[in-house]
Amino acid sequence: MTHNEIVACFPHMANYAYAFKYVCEHGFEVKYLIPPPITKRTLELGARVSPDYVCSPFKYCMGCYLEALELGANCLMQIYGGCRLNYYGELNARILRDMGYEFEFFDMAAVNWKSPKDIIEHFRIINPDINPVKVVQALPVTFRIIEILDEFEDLIRHNVGFEVNDGEFDGTYKEFLGKLENVEDGKELKELEKEYRTRLHGIPLNKPAKTIKVGFVGDYYTVQEPFSNYFMEKELAKFGMEVYRQMNFTNSVIHNQGKKKRKIAKKYAKYPLGATANSTVAEAITFAKEGCAGIIQVKSFGCMPEIDAMPILQNVSRDYHVPILHFSFDSQTSETGVRTRLEAFYDMVEARNGRKA
Amino acid sequence: MNKAYLGIDIGSISTKGVVIDAENNILAKEYLWTEGDPMGAVKRLLKALEAQMKGIDAEIVSVGTTGSARKLIGVITGASVVKNEITAHAIGTTTIHPDVRTIFEIGGQDSKIVIIENGFVTDYAMNTLCAAGTGSFLSSQAHRLGVSVEDFGEIALTSKKPTNIAARCTVFAESDLVHKAQIGHKKEDIIAGLCKAVVANYLNNIGKGKKIMPPIVFQGGVSKNVGVKKAFEEAVGHEVIVDENGHLMGAFGVAVLARKSGKERPFSFDTADIEFRTRGFECAKCANHCEIICVYREKELIDSWGNKCENGAVRTAG
C-alpha cells in the first residue's frame, strides 16, 4: 500500500478524533476517517465479537473499528495504558483478522518509545514513506487542539446547567467542532479558538452565586467518553449542578499529572494501583477539599484498578464527609436504574448543601 | 372539606397506595401486585382506595408517584411530585421515625441502604448487578423447599443451628442449598441459613463500607420475614425496627412530598375509568434506535419520552 491509499482511524473517544485527524493528515500525510458517532449499533457490533468479560471500552473500540472498516478505513490504531489495555491492540487486530478483514494495525503498546529507531519503524506502518520532520512539526497544533477541546468542554461542564436558552452550549460547540475538522494550520486554529471562546463565554447564563458542585472521576475511557457513561455529565448538569472533571488528554497526555496525583493520593494509596486508580483517588480528594457536594465514580464493569479504588474512595468519603456514588457500566445497563440513583444523588447533595449554606 | 394527599409507589412486583391528611395520618392504604401491568395495577389501586375513602370528608388535592413506573403513572394521575424511591423512602421513614440513622430496604427486585444524619440522607447504595438477597430470590427458594414464603420467617425462628449457605451469588446459594438438603440438613436449619445468607449478602454488597448506626429501620417486602429480621439483628448487634406500614413507606413518603410541594391540582378517582394507552416504537432516525414511549389519554397524546436527541422528539398536541 502506498501512503496515498492509506485511510487511518482511531476508535472514538470523546472528541479527540479531531486531534488524531490533524496529526494523521498533516504529520503522517495520510487520509483520516472520523468514524461515525458511537451509537447503540457500535456497541452491539463490538460486543458481539468481543470476549464477554472484557471491559466495555474494548467493546466500544471493536464496534468503532468495524464501522470504520465498513467505511473504508484500512489502518487502525490503538493506544496503550497501565492495565489490560496494553493487550487490547493485539487482541483487537487478531479478532478482526480472524473475521477476514485486511488492514494495517498501529499498536502503540508495541512501540519502544525510548528508541527513535523503533518509533520510526512503527510509524512506517501508518505511512511507509513517512517524513518524521512533518510529524514533529504537526505535534504543536495537535496538542493545541486537545488543549482547546478540553478547555471548552470544561467551560461547558461548569455552565451548561445554567444556560438561559436550552441547547445553546451544545449548538455552539457542535458548530465549532464542524469547523475544527478542517483546520489547516496553527494560525487558523488560533482564530477559530478566539472566536468560539468569546462566543462560549458570551452565552447568557442564569447562574446563582452558590452552586452545587459535583466531581466526576473514573476509568480513563468511561469517564471521558460520554456515550459509555450514559451522558451522565449532561444529566447532572440538567439538575442544575456544576460538573468538575480532571481526567482528560490535557492532564494525562500533554501535561501528565500522574506523579502529582500519586502524591496527593499517597495517604490512602502508597503503591500504584494500575491505570487511573491512583488518579481517581487523588481527584476525589481534591474535589472533596475544593468543596464538591458529592463525587461520582464511573467505571466499566470488571475494571480491576477502579474496583481497587472503590474501598479507598469510601475512606475518602468518610474522612471528608462527602458522599461518593459508584456506577459500573457494561454493554447493557438499565437506564431507569441509573436515573433513579442520579435523582436520589441530586436530592441528597441538594439537601446537604442547603444545610451547609 | 379537608385536604388529602395521595402517594403511589409502583414497583416491579407490587403497587402501593396511601392517602394521608394534612397531619400525615393515613386515611386509606392499599397494597397489591403489579403483575407486569403498572397501568392496570394503578386502576385497581385507585378503585380500592376510593372504596376506603367513602364516608371520609376529604378531597385529594395533590398526587405524588414513586417507584420504577413513577413517570408513566405520574403522567396518568397528573402528579405534582414524581420522585425516585430512595428519596421517597427516606422522607417517609424520617417522618415516622425522626431519629432514624439507617434504613435497610429489601424489595422484590432490588435492595437499598440509606444512611441518615440529622434527618438528611448522607449516603445510600442500591444493588446493581445481581438479584441475590432480594425478595424474588427468597420466594423462588421457598418454592423449591415446598414452603410458602409467608411462613418462611416463622420456620426460620425454630432453627437452633442454621446451616451455612454461600451468600455470594444466587447461583452459588442455590447449588449450596440443594447440596445441604441432600446430605441431610433439616429444613428449618436450611431456611434459617437462607435468611442469614440474604443478610450476609446484603451487608457484604450494598452495606459494604457504610457506617451502620442505630436506630435501624428495616423495610420492603422482605422486612415481613421475621427470620431475616432476626438474622439482621444478630449480624449488626442492634435492634432492627420493622414498622407495620413499612411496606408502604415509599408511597407514604411521596404523599408527604406531595403535601409539602404546595402544588395542588384537581384529582378525581374517575381517572381509573379513563382509558390510557401507551405505544412504543423504535426511532429509526439514527443507529441509536431509541425506544420511544408515547402516552395517550383516550385518543390524545399527552406525553412521550425515551429519545436521546432532538431527532426523536415527539411533539405533544398543545
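This is a predicted model: local features need pLDDT of at least 70, side-chain atom pairs count only at pLDDT 80 or more; totals for chains, interfaces and linings use all residues.

I counted a contact wherever heavy atoms come within 4.5 Å. On that basis, 26 residues of chain B meet 26 residues of chain A.

Residues are numbered from 1 along each chain as its sequence is written, chains are lettered from A and ligands numbered from 1 in the order in which they are written, and side-chain values use heavy atoms, with hydrogens and water left out.

**Between the chains**

I then looked up the buried area (the accessible area, 1.4 Å probe, that two parts lose on being put together, summed over both). Chain B and chain A bury about 2,100 Å² between them, with 53% of it on carbon and sulfur atoms. B:Phe120, B:Tyr124 and B:Asn288 supply 26% of the area that chain B buries against chain A, more than any other three residues.

How many salt bridges are there between chain B and chain A? I found two, taking a side-chain nitrogen of Lys or Arg within 4 Å of a carboxyl oxygen of Asp or Glu. One pairs B:Arg70 with A:Glu343, and their closest N and O atoms are 3.3 Å apart.

**Domains of chain A**

I noted domain 1 (7-130), domain 2 (138-207) and domain 3 (208-357) in chain A; the bounds come from an automatic or database domain assignment. The C-alpha centres of domain 2 and domain 3 of chain A are 24 Å apart. Their contact takes 13 residues from domain 2 of chain A and 17 residues from domain 3 of chain A. These two domains of chain A bury about 1,400 Å², and carbon and sulfur atoms give 57% of that. I logged three salt bridges between them. I also checked A:Lys207 and A:Glu242, a salt bridge with its closest N and O atoms 3.5 Å apart.

**Rings**

I paired rings of Phe, Tyr and Trp (its six-membered ring) if their centres lie within 6.5 Å, calling planes under 30 degrees apart stacked, over 60 edge-to-face and the rest tilted. That gave 26 aromatic pairs over all chains. Why is the pair of A:Tyr16 and A:Phe249 stacked? The ring centres are 3.8 Å apart and the planes are at 10°, so the pair is stacked. Both A:Tyr16 and A:Phe249 are buried (under 20% relative accessible area, 1.4 Å probe, protein chains only). Ring pairs join A:Tyr16 and A:Phe249 with A:Phe10, A:Phe20 and A:Tyr220 in a cluster.

Definitions and conventions: Buried means under 20% relative accessible area, exposed over 50%, partly exposed in between (1.4 Å probe, protein chains only).
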